[in-house]
Amino acid sequence: MKASAIAPANIAFIKYWGKADPITRVPQNNSVSMNLSDMYTTTTVEFSETYDQDSVSFVGEKVTKDHELRRVSRALDLIREKAGSNLYAKVVTKNTFPKATGIASSASGFASLAVAGFRALDVSLEEKELSLFCRALSGTACRSIPDGFVEWVAGSGPDDSFGKTIFDVDHWNICDVVAIVTTEMKKVSSTDGHAIADTSPFYEARMSGLNTKLASLKEAMRHRNFESFGRIIEAEALNMHAICLTSTPSLLYWSPTTVAVMKRVTQARQDGLACYYTIDAGPSVHVICSEDDSKDVLAILNNIEGVERAVVNRPCRGAHVSEEHLF
Ligand code: DP6
């Protein structure tokens, strides 16, 4: 009744920002992401008659916050419901990176929880079903199930909104060098941010340009056209943050170091280094470059004051069962 799983975080090139339905987490638009090889979550789940309540702990943290426990417990309820079980569970989870700083810990966290939970209860699901299930736990988690580069198709409702591989792991050897800016947890969760996205006067403009942008991005990825790809993803990140800034209330996910990294990347590009940034709902900055340039980018990022550390990620497989248990 015990199982473990590993799931990667993912970085969005086209962002999910705004939901068509907040309960099922069906999004307003398709999004595209890449799995991150070195930023992942390992989760071990054990269901047992000896437990009289669910327990959740994060390795390296003494206390689990109430709202985190509630969200995991709700996810466990859905796993139990699907598996026809009424057993409580012990969950231990470990990230290779700080959570809630814009590195999609809810994606890798819930994807690993679902894969481990279903394995522990001996339920086997196809990739599509698993991705559909994860979407309802945390939208971006549905993109951490398939391998490589993933598109989450918004679909027309909860039964056809899921992530699928559009390019395999070895299609393109680009890197995401993540500048981790702070380990402090963000003040406004992305769930709360999604809920007010459409209060921005620019939200409609964002939506009207999205399909064209999506098609151009996939075309650039297909042909491995790095410059065209880079321009699109940087503009897209700024577009999403323009929505955040102009929502009511206004959301500013950046810190002074975030801005310093953005400026440094622009400078490096002017100096001839092909790199582009993107940012999720947090202060950390993801800098995308070729494998060959990743060492230079890493050195540049590690030299910026306020950057805690920088980590190189490559495209990788999606969530999978692991034989290494955390307890
Ligand atoms: C800013 O998946 O964290 O990272 O569905 O409410 O759990 P919930 O939101 P979440 O959304 C984060 C979105 C984003 C952009 C992206 O990754 O597409």
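**Salt bridges, then the ligand**

Student: Start with Glu 236: buried or exposed?
Tutor: Glu 236 is buried, at a relative accessible area of 0%. Buried means under 20%, exposed over 50%, and partly exposed in between, with a 1.4 Å probe and protein chains only. This is a predicted model, where local features need pLDDT of at least 70 and side-chain atom pairs 80 or more, while totals for chains, interfaces and linings use all residues. Residues are numbered from 1 along each chain, and side-chain values use heavy atoms, without hydrogens and water.

Student: Which residue forms a salt bridge with Glu 236?
Tutor: Lys 213 does, with the closest N and O atoms 2.6 Å apart. A salt bridge is a side-chain nitrogen of Lys or Arg within 4 Å of a carboxyl oxygen of Asp or Glu. Lys 213 is in helix α5 (residues 203-222) and Glu 236 in helix α6 (residues 226-245), so this links distant parts of the chain, 23 residues apart. Helices are DSSP runs of H or I with at least four residues, strands runs of E with at least two. Lys 213 is buried too, with a relative accessible area of 15%.

Student: How many salt bridges are there?
Tutor: The count is 11. Another one is Asp 54 with Arg 80, where the closest N and O atoms are 2.8 Å apart. Asp 54 sits in the loop between β4 (31-48) and β5 (55-58), while Arg 80 is in helix α1 (residues 66-83), 26 residues away in the chain. Both Asp 54 and Arg 80 are buried.

Student: And Glu 291, what does its side chain meet?
Tutor: The side chain of Arg 314, in a salt bridge of 2.7 Å, N to O. Glu 291 is in the loop between β11 (285-290) and α8 (294-302) and Arg 314 in the loop between β12 (309-313) and β13 (320-322), so the pair ties together parts 23 residues apart in sequence. Glu 291 is partly exposed at 27% relative accessible area, and Arg 314 is partly exposed at 34%.

Student: New topic. How many residues surround the ligand?
Tutor: 18 residues do, and the closest are Tyr 16, Ser 138, Gly 139, Thr 140 and Arg 143. A residue counts if one of its heavy atoms lies within 4 Å. Helix α4 (residues 190-196) gives the most to this shell, with three residues.

Student: What lies at 2.7 Å from an oxygen atom of the ligand?
Tutor: A polar side-chain atom of Lys 19 does. A side-chain N or O atom of Thr 191 is also 2.7 Å from a ligand oxygen, and for Arg 25 the distance is 2.8 Å.

Student: Back to Arg 143. Where does it lie?
Tutor: Arg 143 is in the loop between α3 (127-137) and β7 (149-153). Arg 143 is buried yet has no salt bridge. The nearest side chain of opposite charge, Asp 280, is 5.4 Å away.

Student: Then which side chains does Arg 143 make a polar contact with?
Tutor: The side chain of Ser 31 at 2.9 Å, and that of Ser 33 at 3.0 Å. A polar contact is a pair of N or O atoms within 3.5 Å; within protein, one must be able to donate a hydrogen and the other to accept it.

Technical notes
Lys, Arg positive; Asp, Glu negative; His and termini not counted.
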